[in-house]
Amino acid sequence: MNPVNVMYWVLLIRDRLIELDPTHAHIYTANADAYLDELTVLVDDFVIPLVETLPQDKRILIASHDSLGYLKANFGFRLVGTIIPSGTTLAEPSTQDIARIIDLVQSEEVPAIFSETTGNDNIAQAIADETDAQLVVLYSDALSDENGSAPTYIDFIRSNFTAIIEALASGS
């Protein structure tokens with residue numbers, strides 16, 4: 001979820017490929033440089049200006065699990081709660097966990113709850129219904145097909161950040 005981290009991954013992948021296949025180092029370097037340029041433009045010209053349209057006090061997230069926590073460091077979001085209380089998507093929230101999230105949505109006046117395309121959003125939908133928050137489903141762990149809104153990682157980030165900002169801004 002954090003394109004800044006992906007920039008580091010590109011460098012690590014490039015370096016490992018060069019280590020394994022030094023003959024083609026120039027190709028790996030050129031491809032990595034080109035993709036890093038795309039990611040830099042994505043962050044500097046799209047993500048940051050988009051996030052800056054949302055006041056800092058509105059950058060409050062409640063999500064299915066902590067994958068959106070990656071947005072804290074680089075983009076100033078606060079993940080105040082997760083529906084699934086552990087790092088695995090296989091865990092089930094207790095009744096107390098669900099009540100705590102409902103209280104958080106109401107006390108923080110969070111206009112949206114974020115779920116993911118790869119998970120079951122029944123509990124998130126129930127919480128949204130109970131609190132009148134909007135349920136927003138984001139891409140995670142998978143891209144869309146080529147005709148969807150997230151067929152590439154660049155599109156994935158554009159789609160998710162647009163959905164996040166629009167949903168949180170709707171509560172302004």
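Colleague: Leaving out residues up to four places away in sequence, what does Ser64 touch?

Modeller: Ser64 touches Thr82, Ile83, Ile84, Phe114, Ser115 and Glu116, where contact means heavy atoms within 4.5 Å. This is a predicted model, in which local features need pLDDT of at least 70 and side-chain atom pairs count only at pLDDT 80 or more, while totals for chains, interfaces and linings use all residues. Residues are numbered from 1 along each chain as its sequence is written, and side-chain values use heavy atoms, with hydrogens and water left out.

Colleague: Where does Ser64 lie, and is Ser64 buried or exposed?

Modeller: Ser64 lies in the loop between β1 and α3. Helices (H or I, at least four residues) and strands (E, at least two) are DSSP runs, numbered from the N terminus. The relative accessible area of Ser64 is 10%, so Ser64 is buried. The classes are buried at under 20% relative accessible area, exposed at over 50% and partly exposed in between, with a 1.4 Å probe and protein chains only.

Colleague: With which side chain does that of Ser64 make a polar contact?

Modeller: The partner is the side chain of Ser115, at 3.3 Å. A polar contact is a pair of N or O atoms within 3.5 Å; within protein, one must be able to donate a hydrogen and the other to accept it, and residues adjacent in sequence count only if both atoms are side-chain atoms.

Colleague: And Val80, in which strand does that lie?

Modeller: Val80 lies in β2, residues 78–82. Val80 is partly exposed because its relative accessible area is 21%. Apart from residues up to four places away in sequence, Val80 touches Ile60, Leu61, Ile62 and Leu104. Val80 and Ile60 are 20 residues apart along the chain, and their C-alpha atoms are separated by 6.7 Å.

Colleague: Stepping back, how many helices and strands does the chain have?

Modeller: There are six helices and four strands, in the order α-α-β-α-β-α-β-α-β-α along the sequence. Of the 172 residues, 42% count as buried.

Colleague: Which residues of the largest nonpolar core touch the most other members?

Modeller: Leu68, Leu71, Phe75, Phe77, Phe114, Phe161 and Ile164 do, in a core of 36 residues. At least two residues each come from α1 (3–20), α2 (25–51), β1 (60–63), α3 (71–75), β3 (112–116), β4 (134–138) and α6 (153–169). A nonpolar core is a set of buried Ala, Val, Leu, Ile, Met, Phe, Trp, Tyr and Cys residues joined through side-chain atoms within 4.5 Å. A second, separate core of 14 residues includes Ile83, Ile113, Ile127 and Leu135.

Colleague: What is Phe75 in contact with, leaving aside neighbours within four places in sequence?

Modeller: Phe75 is in contact with Asn2, Pro3, Val4, Val43, Val47, Ile48, Val51, Arg59 and Phe161.

Colleague: Changing topic, which residues other than glycine have a positive phi?

Modeller: Glu109, with phi near 55°, is one of them, and Asp132, with phi near 65°, is another. Glu109 is in the loop between α4 (95–107) and β3. Asp132 is in the loop between α5 (122–131) and β4.

Colleague: Is Glu109 buried or exposed, and what about Asp132?

Modeller: Glu109 counts as exposed because its relative accessibility is 65%. Asp132 also counts as exposed, at 75% relative accessibility.
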